[in-house]
Amino acid sequence: MKHRTWLSRFVTTVMALAIALLGMVGVVGLSSAPSQAAATKSPIAVGYICSCTGPLASSITVNKQAYQAYVDSVNAAGGIDGHPIKLYTADDALNPATSSAAVHKFVTDDHIVALASVSNTPQAWDTYISGLKIPVIGTDGSAQDMFTNPDFFFPGQTDDSLSAAVVLGAQKMHAKNMAIFYCAESPACQELVAPEKAAATQYHENLAYISQISASASSYAAQCLAAKQAGATVLFVADAVSVVESVANSCSQQGYHPTVMVSDGAVGEGFTKTPGLSNNLLAFEPQIPFNVTSTPATKEMVAAFKKYEPTLMGNPNYNGEVVEAWASGKLLAAAVTASKAGDTVTSAGLLNGLHALHNETLGGISPPLTFTAGKANTTDCWFWMGTKNGKFTEPYGLTPQCVKSA
């Protein structure tokens with residue numbers, strides 16, 4: 001797993017340490033040969049590394065499909081400013097050695113100029129890739145590198161502000177007391193406790209109850225009753241989609257109906273039909289919520305998904321991961337355009353292009369993005385989403401909420 005912060009998009013983060021020992025299975029290959037129909041300039045070689053094998057694969061797979069849809073749609077239109085994307089993919093199977101080997105191959109054999117990562121083991125290659133000054137442009141915001149490494153760029157909220165988002169969400173619900181359930185499978189989950197306590201103190205919110213929970217538990221009744229007795233009216237669950245659903249069911253069975261808070265990929269399509277979630281959910285998302293389809297930018301995204309990955313939107317795991325992937329592709333395009341590349345796109349040019357961006361929103365999909373050379377790239381803004389009467393909503397509109405950089 002990564003050197004992640006306490007939350008780290010929770011499921012993808014905290015489970016990886018426990019799972020990483022399961023095996024070494026990797027597949028490396030050319031995923032997308034660019035369409036040359038209208039492209040006139042040299043290709044942009046991009047590597048995509050993911051932990052696509054194992055229990056976390058469901059969310060990661062939709063991310064990969066969404067990124068592929070972006071690449072296919074861009075290439076069909078003649079590339080980025082005339083440059084088609086040549087996409088290479090690799091599955092590191094949650095194994096550091098496999099991950100390192102794949103990234104080295106991207107560099108030495110495929111000559112990539114940018115890397116997109118949904119890997120849970122970037123510590124296996126982050127120093128190597130940074131030493132070569134090859135930018136990592138998305139697509140998963142859970143890596144600590146995304147807000148500590150100047151060569152990593154994420155088009156959305158970075159994890160340094162997650163603790164603040166949790167507490168500020170509780171305040172939006174006018175909660176006098178809140179509770180946190182976090183996964184017991186990895187010691188990394190414990191990293192959420194101290195920052196969350198600090199944020200609660202900073203924003204004058206009472207953190208009344210904290211408990212580990214196991215994904216294999218048959219019931220969470222005991223924890224629900226304890227949180228209820230502590231008077232917590234907001235419950236933040238830092239775990240997988242399936243666990244969040246099980247917690248909500250258990251709490252509902254105990255007559256406990258708090259507002260359930262989750263983040264990013266921990267939101268699932270099934271929440272609109274789950275007791276305790278269909279009308280009592282508040283989530284914070286690093287980009288525009290995945291259910292929003294009415295803006296010009298999201299209309300473009302949905303049209304590409306339907307055309308190039310027609311099974312994607314019917315996937316029960318369709319969630320914020322798809323927007324992360326699409327926004328990461330858009331950030332690559334913005335960097336190419338800002339770099340004013342000629343016939344060839346280089347890593348150095350992409351870095352210059354990224355550093356030229358100021359308050360870039362990628363058409364409204366992301367909160368304002370500004371990247372400064374030599375500094376860690378933090379974006380401490382997010383979008384709110386919720387549920388009401390069995391439907392996803394945007395309870396506070398589509399204007400991101402921001403806090404000062406942590």
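In this predicted model, Trp 382 counts as buried, its relative accessibility being 0%, and Trp 384 is likewise buried, with a relative accessible area of 2%.

Elsewhere among the aromatic residues, for which the count comes to 13 pairs, Phe 290 and Phe 392 form an edge-to-face pair, with 5.4 Å from centre to centre and 70° between the planes. This pair links distant parts of the chain, since Phe 290 lies in the loop between β11 (281–285) and α10 whereas Phe 392 belongs to strand β13 (residues 391–393), 102 residues apart. Phe 290 counts as buried at 2% relative accessibility, and Phe 392 is buried with a relative accessible area of 15%. The rings of Trp 382 and Trp 384, whose centres are 5.9 Å apart, have their planes at 85°, so this pair too is edge-to-face. One aromatic cluster is formed by Tyr 70, Phe 290, Phe 305, Tyr 318, Trp 326 and Phe 392.

Helix α10 (residues 296–308) packs with helix α11 (residues 320–339) at an angle of about 105°, the axes being 11 Å apart, which makes α10 roughly perpendicular to α11. To this contact α10 contributes Ala 297, Glu 300, Met 301, Ala 304 and Phe 305, while α11 contributes Val 322, Val 323, Trp 326 and Lys 330. Classed by type, the contact of α10 with α11 comprises seven nonpolar and two charged residues, with no polar ones.

In helix α9 (residues 241–253), the end C-alpha atoms are 19 Å apart, which agrees with the 18 Å that its 13 residues should span at 1.5 Å a residue. The buried residues of α9 include Val 241, Val 247 and Cys 251, and just after α9 Gly 255 takes a positive phi of about 70°.

Technical notes:
Residues are numbered from 1 along each chain as its sequence is written. This is a predicted model: local features need pLDDT of at least 70, side-chain atom pairs count only at pLDDT 80 or more; totals for chains, interfaces and linings use all residues. Side-chain values use heavy atoms; hydrogens and water are left out. Axes are lines fitted to C-alpha atoms, for helices over the stretch in contact, and angles run from 0 to 180 degrees between N-to-C directions. Helices (H or I, at least four residues) and strands (E, at least two) are DSSP runs, numbered from the N terminus. Angles under 35 degrees count as roughly parallel, over 145 as roughly antiparallel, 65 to 115 as roughly perpendicular and the rest as oblique. Contact means heavy atoms within 4.5 Å. Ala, Val, Leu, Ile, Met, Phe, Trp, Tyr, Cys and Pro count as nonpolar, Asp, Glu, Lys and Arg as charged, and the others, Gly among them, as polar. The expected span of a helix is 1.5 Å times one less than its number of residues. Buried means under 20% relative accessible area, exposed over 50%, partly exposed in between (1.4 Å probe, protein chains only). Rings of Phe, Tyr and Trp (its six-membered ring) pair if their centres lie within 6.5 Å; planes under 30 degrees apart count as stacked, over 60 as edge-to-face and the rest as tilted.
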